[in-house]
Structures are given as structure tokens and as C-alpha cells.
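Thanks for making the time this morning.

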Amino acid sequence: DIDMTDRVDDDAIYPAVVAPQRLTELFDTAPSFAMPPVEELFYQVTKLFTSKAAVPAP
Amino acid sequence: KTSLDVKAQKAAHSKSLIFEPRVAASQSFQTLYGICREGFDELCRLDPRFAPFGTTIFSEQSQHEDRIQMTEAENAELDKRVDSFLRLAGARLRLMPAIKAIEWLIRRFRIHEYNTTTILTTFLPYHTIPAFVTLLSILPKNIPQVYSFLNPYIKSLISPPRAVLVHRATHYPDFLTTLSTYTLDTCRAQQQYPALISLWSGIMTEAVNGMLDKGRSGRSAIQKSNDQTLFHLIGPTLRDALVMSKVPSLQIACYMVITVYAAKGDLDDGTISALMEQLVAGWTADSLRPGLVCLSTLAQRRSAKQMSAKVTRALLKVQNLPELLADVGKDHDLGKLANGLCLALIDRICRKGDSRGLPLIEPLLLASVLSQQQAGVIFKSLLLAAYKVDDHVDEQGEIRKNLASTIIRLSQVESDVRDVFTQAINDTQVDLDELEMRLDIQIRPRLLP
């Protein structure tokens, strides 16, 4: 038989815990007309919310 | 009474973005038109899209137009032109020609009284500069409810800090909706500019973050209802913005909002899948890379593994996908996305005999975007597919031949994953003789070192 299950599945999903001020720090650096390109901000937000450090222990 | 009317008229006429009230009160429309038209002409030189307004709200004739003398329909038409002009001028509010041109609309058509919401939203990306405070200083006593939170700043004539805008957007949906509608309408009309997108994306992202925090509840029924409320509030905006392929910066701004929403919110698989499908329906070459990153964040939060048909089809259309994923995978965890794609591609082979995805699976297995465990499962799925595919979907046996050669190449590859594949062959106890016969190809001799 072919065993297709992946037993050591570490996909457990927990909501990210990020202090709101961390997000504010990203956006409140300059007036809207002097902000870095939106793509750059996107990568910074992604880093903040998806880095492994942001996922708490179960 | 007459003297009171004259006084009121004079007071109204003294509201200006440029001139002191005393000076403004004494200006004739003819003098003003000369000054403001100069600003408008300069704008036309900067951007020819302004030119059509030269025959309407900036025409010679406009000097003699008075809102009070105009019919309701004429007023509505005027409002439309003013809205469109303001959206286009938004990009240039730090330039004097734009301020001069808007001065005309304030003095002649009193847009600060009749179009208060639009002019305030237009100036919002510039809420930190003196021009914004000047605008606050000439607003009528009663401003629309959606901007009533600016009253303390109107009284004290100081710029509202960004935190005030974020707080309002988090706690009062009407403000967030007004800002979103304005931004999306501007993008639809191709009149967007970076400051507006920056303002909207930042406020929207922080507001969604704040609303998720606010909506947390230990009671699941309340949590569910809060989640629903939030989805009703932002869902339609995201849906509309994600498919605006002519405005990649707006799409990327949406990816930012979605990243926070997916990472923090408790989204069900249906919602996540819908967002993934909307995302790939709109992405373009300019939004593809961040789009893939966002797609992978969504995939990470989904419990179902296999990518849907729509997402799979969209990924199949991406040029050089394995190289792109390998590159993006250096900084981001693309495991679940790549895994889900491989599973969907193998499923297509088995069910439909559609092997277009086979050339993608091989490089993905070797690109280190999958974990060893995921790579093992995908390889096992390939072995299984080699058994499953029959004459029904593969009349000529071409697919089986392709599958076999892929399996062989992979099992011979000089890399760490080779052990994973060998392990998979051992685990599955694939009878290579039988497979060889089924696939009508000489596997065993080539498998031996």
C-alpha cells in the first residue's frame, strides 16, 4: 500500500501576534507624499506578520 | 436685513486658500479669474488631462456662473466636474498652480461648502502641510458627519496627526468607506498618484489590524459575528481593487491588507480560497512577485492543501514560474503554495490526462521551495499517478512515458533530495518491474548506478 499521509505535519495555524505600534512604525515614518514605494512597504508588512518569530508557541 | 446679507456675502467671499480675508473680500471675480486661470493653464502644461476643464469650470463663461442661479441638474453636473478635477489635481497639491486653480473653484463655486467631503479627502494625503490647515480654516461651520472628528483641529487650526485618521478609520466604518471609495474611484478613472495609495494602504492596513484586535472575543458566536462584520466592510473593497490590473500599486496595497487580514484573522477556507482566486484573476507582470508572496501567505493559512482549478490555471500561465518561485522562496516560505500547486497538477494528470504541469513539477521538486517532507509526498504522488493513469485518459501512453522519464530523472538527480526520492520508492514499495511494464519503458537498468 502507498501511504500518502504526511504524518509530521507542522502546519498548525495560529494567528500572528504583532503589537499595533510595530505596524504604525512602518507607516508613520514620513508624510504620505514622501513614503517609500508601496511594494517595499508590502514586503516589510509581510516580514512583520509572517516571520516565524511572530507565531507564538501553541 | 439687506446690510446683513451683504455682510454675509462679503464674509463668504473672503474665504480663500491664498489671500487674507480682507484682501479676498475686495477682489472682483474678474481679477481672481486672471490669477487662478494662470494656475490652471500651468496645470494643463504639466498634464494635458486638465485641458477639458478649460471649457467648463475654468472657462471665461465660468466668471458669470453662480450656483444659486443654476438648476439642480446643472449643480449636479458641476459637482461631477469638480469631483473629477479635484481627483486629478490631488497629485499636485503641493504646487502653487494647483492651489490657484482650486482657489477659483472655492471662490466661484464655493466647493468648500458644497463639496466639503470631496475636497477634504483630496487634501487628506497632505494633512501634515500648512495648506491643509488653511483648508480647515475656511470650512463651513457644519461639516459632514464623516469628517466631524476634525472639529477640534478646525477650532485650534493645527494639522491632525496620522494617528487620529487611523483611530477614526478603525472605529468608524463611514470614514474608512469614504476614503476607500474615493481612492478606488480615483484609480478607476486612472487619476491615482503615489501619495493617495500610500495614505489609503497605510490607514486601511492599520485599521484592519485594529479592527481584528477590537473584534477578538472568547465567545465564538461573538467572534464569528465580528469576523462577518469586518468581512462585509472590507470584502467588497478588496474584491474591486484586486482586479484593477491597470493600477498595480493599488493591487499591491491590497496584498498588504490581505496579509494582515489572513495572518491575524480567523478566516475559513472558503474566504481564503475566494481571496486567492480574486488575487490571481487581477495580477499582472507588475504585481506578480508581491502577488505570489501574498498568495503563499494565504496558502499558509488554508487547511486544504491542493490549489483550486482557478489558481492552478493562473499559475500555469506564469512565465518561468519555477525560477520565480525559487527566487521568491529565498526570502519567503512558499512551501504550502508550491506543494498545493504540485498536488493540483498531479491531480490534473490523473483525472484529465492533462500533463502540461509535469514540466513544472520537476524543477519545483528540485528548487528547495518544498520541505523534504513535502517533496517526499509529491514524489510519492507522482509514483501513484504512474499507476493510476490508464488508457482512458492516456490513449497513446504518452503521459505515462513522460511520467516515467520524470520519475527516472528525479531518482538520478545529484542532490540532497535524491535520498528523499529513494526513501519514497522504498516507502511505497513500488514494484519497479510492474511499473516498467505498465509504463512500457526500461526503468530498472537506468535506475541502477
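Let me begin with B:Ser148, whose side chain has a polar atom lying 2.8 Å from the backbone oxygen of B:Gln145. A polar contact here is a pair of N or O atoms within 3.5 Å, where within protein one must be able to donate a hydrogen and the other to accept it, and where residues adjacent in sequence count only if both atoms are side-chain atoms. B:Ser148 sits in the loop between α8 (130-138) and α9 of chain B, and if we leave aside its neighbours within four places in sequence, B:Ser148 is in contact with B:Ile143 and B:Arg168. By contact I mean heavy atoms within 4.5 Å, and the helices are DSSP runs (H or I, at least four residues; strands are E, at least two), numbered from the N terminus.

Before going further, please keep in mind that this is a predicted model, in which local features need pLDDT of at least 70 and side-chain atom pairs count only at pLDDT 80 or more, while totals for chains, interfaces and linings use all residues. Residues are numbered from 1 along each chain as its sequence is written, chains are lettered from A and ligands numbered from 1 in the order in which they are written, and side-chain values use heavy atoms, with hydrogens and water left out.

Let me turn to charged pairs. Side chains of opposite charge can pair when their charged atoms come close. A salt bridge is counted when a side-chain nitrogen of Lys or Arg is within 4 Å of a carboxyl oxygen of Asp or Glu, and over all chains the structure holds 24 of them.

One of these joins B:Arg351 and B:Asp347, with N to O at 2.9 Å. The two residues are four apart in helix α19 of chain B, which means that about one helical turn separates them. B:Arg351 is exposed, at 53% relative accessible area, whereas B:Asp347 is partly exposed, at 22%. Salt bridges that share partners also join B:Asp185, B:Arg188, B:Arg239 and B:Asp240 into one network.

Helix α3 of chain B, residues 29-46, holds both B:Arg37 and B:Asp41, four residues apart, about one turn of the helix. These two form a salt bridge whose closest N and O atoms are 3.0 Å apart, and B:Arg37 is partly exposed at 22%, as is B:Asp41 at 28%. B:Glu113 forms a salt bridge with B:Arg110, the closest N and O atoms being 3.2 Å apart; B:Glu113 is partly exposed at 30%, and B:Arg110 is partly exposed at 27%.

Now to the chains together. In chain A there are two helices and zero strands, and buried residues make up 28% of its 58 residues.

How many residues of chain B are in contact with chain A? There are 43, and they meet 33 residues of chain A. The area buried between the two chains is about 3,300 Å², with carbon and sulfur atoms giving 64% of it; buried area is the accessible area (1.4 Å probe) that two parts lose on being put together, summed over both. B:Met256, B:Arg301 and B:Gln373 supply 15% of the area that chain B buries against chain A, more than any other three residues.

Between chain B and chain A the count is zero salt bridges, and two residue pairs are in polar contact, both at pLDDT 80 or more. On chain B, the helices α12 (194-214), α14 (248-264), α16 (288-301), α21 (372-388) and α23 (417-428) each supply at least two residues of the side that touches chain A.

How values were computed. Buried < 20%, exposed > 50% of the residue type's maximum accessible area, 1.4 Å probe, protein only.
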